Each structure stands twice: as C-alpha cells, then as structure tokens.
Amino acid sequence: MKDRGFDTLSIHAGHEGFEPDSMSTPIYQSVAFPYADAKEAAEIFRGEKPGYTYGRWDNPTVQVFEKRMAALEGAQSAIATGSGMSAIMMLAHQLCDEGDEFVSSNRVYGGTFGLFGEGFRKMGIKVNWVTEPESLDEWKAAITPKTKFLFVESPSNPGLFIGDIAALSALAKEHGLPLIADNTITTPALQQPISLGADTVVHSTTKFICGNASSLGGIICGTEEVIEGIRQGCMRYLGPAMAPFNAWLNLLGLETLSLRMAKHCSNALAIAEFLEKHPLVESVNYPGLSSNPYHAIGNKQMKGFSSLMSFIIKGTYDDATTIIDSLDLMIHATHLGTAKTIVTHPASTTHSAMGEEEMKKAGIPATLIRLSIGLEEEADLIADIEQALANVKSAVAV
Ligand SMILES: Cc1ncc(COP(=O)(O)O)c(C=O)c1O
C-alpha cells in the first residue's frame, strides 16, 4: 500500500486483517480484547505478539485511522486522540519535563494559546512566544538551552499567517530540536509538513478531516519512537483516547478529503476575491489572493490555500455583529472545516480568553470576521455575504 498515490491511500490505507472483511471498516465498540490464554496476554503486553489490550491505547478501528493518517502525512506512525487540543497536549507533554521551555509563534488557535501559556505554566513548562513569526531571527532569539521544540501552526487560525516550514526546520535542526507543525487548516491533501522538514505533525481532525461537525478528534503523526513513547507513556496515564466511532467517522471523511479540499479552495478564492473588492472591507486575510504577503511561501509549500479566511471591516464592532447576524445561509458557530460555511467572531468567542493586548499582538481586532467556506454553490455564498454587508449602516463604514 505504501507506494500508492494520496487518493488511493486516503481510501484504503490501514484497512487490513479483518475477518470477515467488510467494505466499511468495522467499529470495534469495545474497551478490552479477551486473550486466548495467560501466555498470550503476557506476550501481547511485552510487545512480542501483535494484539490489542485496552482501549485507552489500542483499538482496531482507531488503529486503521492511525495507519491511514500516518500514510497520508508520510510519517512512520500516528496516534489518535480525543480532540485536537489533547493531541497538542500529549505531544508537548512527551517532549518536555518540568523546567523545560519551547518556542511557538503567537499566531495560534486560542485554545492552543491558553494551553501553552496558562496550561503549561501550571506544569512548570514555559513557552517563549515569537510575536513577529515572519522573522527567523526572532525564532532564533527565542531559543534557549532549555528549549525542547519549535511549534508552528501554518496556516494559522484566524490570522492565516504562513510559516516557512523548510526554513523553520533548518533552524530547528541547527539547534538539534524537533519542529512540530499544526496542519489542521490545510490537511495532508494540501500540505505535508514532514516532506518539508517538520518532525511531527498534529491535527484537530474535528475540522476538515472529519468534515461535517460530527466528531471531536486529534492525531499526532511522527516517528515510531515519539508515537510509541506517547502510547506507552502519557496516553496511558492521562488517557484522552479517540472513540472508535469517531475514528470510523474520520475514516469516512478521509475517503473524500482531496475532492472536498479542492472545492473548499475554489469556493474560498471566489469569496475572498469578492470581499477584497467590497468598499466596506478594509483587508482580507486569505493567502490564496495574489496580493497576500504569504501567497508566495504558500505556493511553495502548499497545493492549495484551504478555505479559512478572515476579513477586517472598515466599521465598528457593532457593524461586525450586524454582518454576522444578517447572514442567512452561513452558519454562526464556533467551528471550521465543514461542508457548511461557518462565520465566527474570534475576538468575542474562540480567542476571547487571550485578552485585548495579546489579541492586538496577534492581529485579531473586534472588526475581524472569520469565515470557513464550505462546499455550497459559490454564487449562493456570495449572494449571502453581499446582502449581509448591505445591512451595515454605520457612518464609519459608508
Ligand atoms: C489550528 C487548530 N489546532 C487545534 C485546534 C483544537 O482542536 P479541537 O477543537 O479538536 O480540540 C483547533 C480548534 O479550532 C484549531 O483551529
């Protein structure tokens, strides 16, 4: 299966050894797996015989999803988790001890920002933020003798910052450090960070990989050593495993991943081009636009620009909420990466815990609106946003 193309792997990889075989991967809704005898139990636990032991670290349905994701990311191995946040948490926990530090761009999802700051502070692990992440010198300056890894979310949510993964990987290697990339927004259909030099990739599979807002999940793809370390270590004692049914939903999502991502990209470009020309719009953050500062680096390392975008309006906070409340087809929710188009106001929801000062540094004003463009008809989406923008009456805006 290894030498097959991406679309073949996304449909077949990892599904093997089921008796009787089935078109759809069976859902092993079981926590434990009986042994033939005591000898077999001991052999499986010692890793001398393949088999399953306990659902927190192994399950046949989840394992198919792990193998498929490893194949798609070009990684040796993968471990699925209960959410994207727990994937990031498990990996950082595996790589750091109390007193250690790591370096991250400040252009990250609000939950990640909270975990890295407040969450890890409680464990005695310190993040050194890079607040101008376009500058490699800033990354370099943030590395200390205690640094254990570099972390980049690219493209970032909601600012759509794109990090130069090859350059960051070269910097990490110079210092003998691993580079971790959060590949949630692009998925391996559009970007494969390991092929660009990253060591480990994390995802919130809740988003584009599942694709329909039906299940929370996360995955870590990396070397056998790191993944088995997590499986035998913190996954056992912290325990955020992926549910078998969620793994099954994610496997369904993967079967159509490339097709969906292509349509997400083309719809998003059309909306971004519409917004860029609208008199009420101050700026559009969508790296697929040729005017975007990250367009060139995105073209170098991505096959497409996905469908997350944000735009800043010329009006006020009230104008932003008027637009959101006027949308008819687009759904107002705290989510992204689904077939349905979603609008979010990050400053008052997903990123509100960052506080005003940190939001300012990360480029998230109250007039920023985030869109995750779905798979509906392009013309219907443009009509919806056009009528919503027409409702803004503020003197600042007109
Ligand atoms: C880029 C990114 N990484 C991680 C997460 C966290 O994922 P989850 O909601 O599955 O815990 C999110 C959630 O929005 C995200 O956008």
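## The shell around the ligand

In what follows, Ala, Val, Leu, Ile, Met, Phe, Trp, Tyr, Cys and Pro count as nonpolar, Asp, Glu, Lys and Arg as charged, and the others, Gly among them, as polar. The model is predicted. Sorted in this way, the shell around the ligand holds 4 nonpolar, 9 polar and 2 charged residues.

Which residues of the shell are closest to the ligand? They are Ser83, Gly84, Met85, Ser204 and Thr206, out of 15 residues that surround the ligand. Two elements give two or more residues to this shell, namely α4 (84-95) and α5 (110-121).

The domain assignment divides the protein chain into domain 1 (6-255) and domain 2 (258-390). The centres of domain 1 and domain 2, taken over C-alpha atoms, are separated by 26 Å.

## The largest nonpolar core

In soluble globular proteins, nonpolar side chains tend to be buried together. The largest nonpolar core in this model has 109 residues. The members that touch the most other members are Ala78, Leu91, Leu150, Ile180, Ile220 and Met309. Helix α4 gives the most to this core, with 8 residues. The core lies between domain 1 (6-255) and domain 2 (258-390), because both domains give residues to it.

Leu150, one of the core members named above, touches Val103, Trp139, Leu168, Ala172, Leu177, Leu179 and Ile180, when residues up to four places away in sequence are not counted. Ala78, another of those members, stands opposite Cys221 in β7.

## Strand β1 and its partner

Is strand β1 (residues 77-81) largely enclosed or largely open? Strand β1 is largely enclosed by the rest of the structure, because 4 of its 5 residues are buried. The strand is joined by 5 bridges to strand β7 (residues 218-222), and the two run antiparallel.

## A five-stranded open sheet

An open sheet is formed by 5 strands in the order β8-β9-β12-β11-β10, with mixed pairing. The edges are held by β8 (281-285) and β10 (331-332); each has a single partner strand, so one side of each is left without a neighbour in the sheet.

Strands β8 and β9 run antiparallel and are joined by 4 bridges. Within this pair, Val284 stands opposite Phe311 in β9.

## Leu275 in helix α12

Leu275 belongs to helix α12 (residues 257-277). This residue counts as buried because 24 C-beta neighbours lie inside 10 Å, and the cut-off for burial is 20 or more.

Apart from neighbours within four places in sequence, Leu275 is in contact with Val281, Val284 and Phe311. Val284 and Phe311 are also the two residues that stand opposite each other in the strands described above. Leu275 and Ile382 are 107 residues apart in sequence, and their C-alpha atoms are 8.9 Å apart in space.

## Backbone exceptions

Most residues other than glycine have a negative phi, and most peptide bonds are trans. Pro20 is placed in the loop between α1 (6-12) and α2 (38-45). The bond from Asn157 to Pro158 is also cis, and its omega is near 5°. Pro158 lies in the loop between β4 (147-153) and α7 (165-174).

Ser306 is in the loop between α13 (295-301) and β9 (308-313). With 30 C-beta neighbours inside 10 Å, Ser306 also counts as buried.

Terms used:
Residues are numbered from 1 along each chain as its sequence is written. This is a predicted model: local features need pLDDT of at least 70, side-chain atom pairs count only at pLDDT 80 or more; totals for chains, interfaces and linings use all residues. A residue is near a molecule or strand if its C-beta atom, placed from the backbone, lies within 6 Å of it. A nonpolar core is a set of buried Ala, Val, Leu, Ile, Met, Phe, Trp, Tyr and Cys residues joined through C-beta atoms within 7 Å. A residue is buried if 20 or more other C-beta atoms lie within 10 Å of its own, exposed if 12 or fewer, and partly exposed in between; C-beta atoms are placed from the backbone. Domain bounds come from an automatic or database domain assignment. Two residues are in contact if their C-beta atoms, placed from the backbone, lie within 7 Å. Two strands pair if DSSP finds at least two bridges between them.
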